[in-house]
Amino acid sequence: MFKRILLPTDGSQGASEALNCATAIARKFDSELEVVFVTEPHPMLTAPYSESILMDALQATREEGENVLAQATETARQSGIDQVKSAMLEGHPAEEIVRYAREHQMDIIVMGTHGRRGINRMLLGSIAEEVVRTASMPVMTVRVSGG
């Protein structure tokens, strides 16, 4: 049923809980799990800073992403998932997640959500909500438990 599962992660608690769900689904259906981290160009990067400051900021973000991907991949393997891949993407997170899912013919996207409500949701938006609205495949959102 779900042979190819996409797990976008940012290293947050919500992403960690989504990883638990994704690995449970992968074990049940003997699925392949693909984990992605999206680096989004920060507004600061368009400001008039020196090129070395911009390159340092970008490098730090990429290193964080590599660490998050390595951790998620290792956790998936330790939970019994043999087929795990990872990828670093760059761009607007929701757009990149949906594009990747479409291009790699994923069967489902499993992702965490921060569960924001009210004004915080209006002001901050929701990557998960945008993915749900724009993806052509099923999207399972996993909310952080306990609050």
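These points cover the sheet, its strands and the helices packed against it in a predicted model.

1. **Sheet order.** The sheet is open and has 5 strands. Their order is β3-β2-β1-β4-β5, and the pairing is parallel. β3 (84–90) and β5 (139–143) stand at the edges. Each has a single partner strand, so one side of each lacks a neighbour in the sheet. On average, neighbouring strands are turned by 25° against each other, direction ignored.

2. **β1 with β4.** Strand β1 covers residues 4–8 and strand β4 residues 108–113. The two pair in the parallel sense over 2 bridges.

3. **β1 with β2.** This pairing is also in the parallel sense, and it runs over 5 bridges. Here L7 is the residue to look at, standing opposite V35 in β2.

4. **Burial of β2.** How many of the residues of β2 are buried? The count is 8 of 8, so to read "buried" here is to read under 20% relative accessible area. In a regular strand, side chains alternate between the two faces of the sheet. Both faces of β2 are covered. On one side sit E32, E34, V36 and V38, all buried. On the other sit L33, V35, F37 and T39, likewise buried. Note that E32 and E34 are on that list of buried residues. V35, the residue opposite L7, is buried too.

5. **α1 on the sheet.** Helix α1 spans residues 13–29 and packs on the sheet. It touches β1, β2 (32–39), β4 and β5. The direction of α1 makes about 150° with that of β4.

6. **α5 on the sheet.** Helix α5 (residues 127–134) lies across β4 and β5. It runs at about 155° to β4.

7. **α3 against α5.** Helix α3 is made of residues 93–103. It packs with α5 at an angle of about 40°, and the axes are 9 Å apart. That angle makes α3 oblique to α5. The crossing is right-handed.

8. **The α3–α5 contact.** Which residues of α3 and α5 meet? From α3 come P93, A94, E95, I97 and V98. From α5 come I127, E130, V131 and T134. By class, this contact has 6 nonpolar, 1 polar and 2 charged residues.

Technical notes: Residues numbered from 1 in each chain as written. Predicted model: local features only at pLDDT ≥ 70, side-chain atom pairs only at ≥ 80, totals over all residues. Heavy atoms only, no water. Pairing = 2+ DSSP bridges. Helix = DSSP H or I, 4+ residues; strand = E, 2+ residues; numbered from the N terminus. Axes fitted to C-alpha atoms, helices over the stretch in contact; angles between N-to-C directions. Contact = heavy atoms within 4.5 Å. Parallel < 35°, antiparallel > 145°, perpendicular 65-115°, else oblique. Left-handed = near helix turned anticlockwise from the far one by under 90°. Nonpolar A, V, L, I, M, F, W, Y, C, P; charged D, E, K, R; others polar. Buried < 20%, exposed > 50% of the residue type's maximum accessible area, 1.4 Å probe, protein only.
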